[in-house]
Amino acid sequence: MFLLQQYNTIAKVAKENHATIVAVSKTKPIEDILEAYNFGVRDFGENKINELLEKQKQLPSDIKWHLIGHLQSNKVKQIVPFIYLIHSVDSISLLEKINNEAVKINKVVAVLLQIHIAQEEHKYGFNLNVVEEYFKENKFKEFQNVQICGFMGMATYTENKSQIQKEFSTLNNLFKKIKNDYSNKYPHFKILSMGMSGDYTIALENGSNMIRVGSSIF
Ligand SMILES: *Cc1c(COP(=O)(O)O)cnc(C)c1O
């Protein structure tokens with residue numbers, strides 16, 4: 001079930017902060033997505049490729065599909081034709097693979113670089129310092145058919161709000177720096193995707209302009 005009232009509450013806060021909401025529909029049935037769609041929601045996020053492909057086939061073509069989960073290189077080819085934004089680019093080799101597939105079909109693919117800000121080891125992403133070096137070395141500029149549109153980050157899963165705040169603020173600082181210093185080379189670098197159901201208010205207070213909420217709206 002799509003929870004319209006909860007969605008509207010979050011949408012109001014998001015709008016005040018000039019942020020986009022991605023409705024995370026992973027594990028939810030087609031009917032739930034259609035319910036949200038019929039209320040005007042167009043941005044949906046999925047984290048598993050097979051599930052995403054299955055849903056994309058069955059749902060309206062004007063849906064903007066966001067990939068928010070880890071992407072294996074052997075799956076890139078299947079999503080490049082329709083994906084709206086890949087939030088989870090976590091290596092140069094993946095970027096290269098996305099670029100190669102995009103070249104083949106003469107498309108430009110919008111991506112975010114996932115940055116590892118949490119304490120948990122298992123979460124994917126570039127190291128903050130490493131990614132800053134890569135910008136200095138112009139490493140992302142080699143890929144003509146990929147648009148680097150910003151960063152995505154996930155905070156530690158914890159009750160400790162100041163920990164979460166610290167992590168989001170750290171990513172926001174790097175985001176602002178890159179946006180400021182590299183706006184000529186990366187004119188599309190504008191999106192900071194941070195915040196889920198449990199921490200989106202902290203994320204918005206710390207510069208997020210794209211939140212990914214699932215459990216609170218379905
Ligand atoms: C599941 C997921 C979300 C949404 O989480 P909720 O707590 O259900 O709002 C956001 N981002 C990513 C990367 C996810 O995997």
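A polar contact is a pair of N or O atoms within 3.5 Å; within protein, one atom must be able to donate a hydrogen and the other to accept it. This definition is applied below to a predicted model.

His 66 belongs to strand β3, which covers residues 64-67. The side chain of His 66 takes part in a polar contact of 2.7 Å with the side chain of Asp 43. A polar contact of 2.9 Å links the side chain of His 66 to that of His 87. His 66 has a relative accessible area of 0%, and it is therefore classed as buried, since buried means under 20%.

Ser 25 is placed in the loop between β1 and α2. The side chains of Ser 25 and Glu 46 are joined by a polar contact of 2.6 Å. Ser 25 is buried, at 0% relative accessibility.

## The ligand and its surroundings

Where does the ligand sit? The residues around the ligand are Val 24, Lys 26, Ile 68, Met 154, Met 196, Ser 197, Arg 212, Val 213, Gly 214 and Ser 215. Sorted by class, this shell consists of five nonpolar, three polar and two charged residues.

For Ser 197, a polar side-chain atom is 2.5 Å from an oxygen atom of the ligand. For Gly 214, a backbone N or O atom lies 2.8 Å from an oxygen atom of the ligand. For Ser 215, a polar backbone atom is 2.8 Å from an oxygen atom of the ligand. Of the 380 Å² that the ligand exposes when taken alone, the protein buries 85%.

## Residues in loops and helices

Thr 27 is located in the loop between β1 (20-24) and α2 (30-38). The phi angle of Thr 27 is near 70 degrees, a positive value in a residue other than glycine. Asn 138 lies in the loop between α6 (128-136) and β6 (146-154). For Asn 138, which is also not a glycine, phi is positive and near 65 degrees.

Asn 99 is part of helix α5, which covers residues 92-104. Between Asn 99 and Phe 143 there are 44 residues of separation in sequence, while their C-alpha atoms are 5.9 Å apart in space. Lys 136 is found in helix α6. Lys 136 and Ala 155 are 19 residues apart in sequence, with 25 Å from C-alpha to C-alpha.

| Residue | Relative accessible area | Class |
|---|---|---|
| Thr 27 | 64% | exposed |
| Asn 138 | 26% | partly exposed |
| Asn 99 | 8% | buried |
| Lys 136 | 53% | exposed |

Asn 99, at 8%, is buried, because buried means under 20%.

Technical notes: Residues are numbered from 1 along each chain as its sequence is written. This is a predicted model: local features need pLDDT of at least 70, side-chain atom pairs count only at pLDDT 80 or more; totals for chains, interfaces and linings use all residues. Side-chain values use heavy atoms; hydrogens and water are left out. A residue is near a molecule or strand if one of its heavy atoms lies within 4 Å of it. Accessible areas come from the Shrake-Rupley method with a 1.4 Å probe; for residues, only the protein chains shown count as cover. Ala, Val, Leu, Ile, Met, Phe, Trp, Tyr, Cys and Pro count as nonpolar, Asp, Glu, Lys and Arg as charged, and the others, Gly among them, as polar. Helices (H or I, at least four residues) and strands (E, at least two) are DSSP runs, numbered from the N terminus. Buried means under 20% relative accessible area, exposed over 50%, partly exposed in between (1.4 Å probe, protein chains only).
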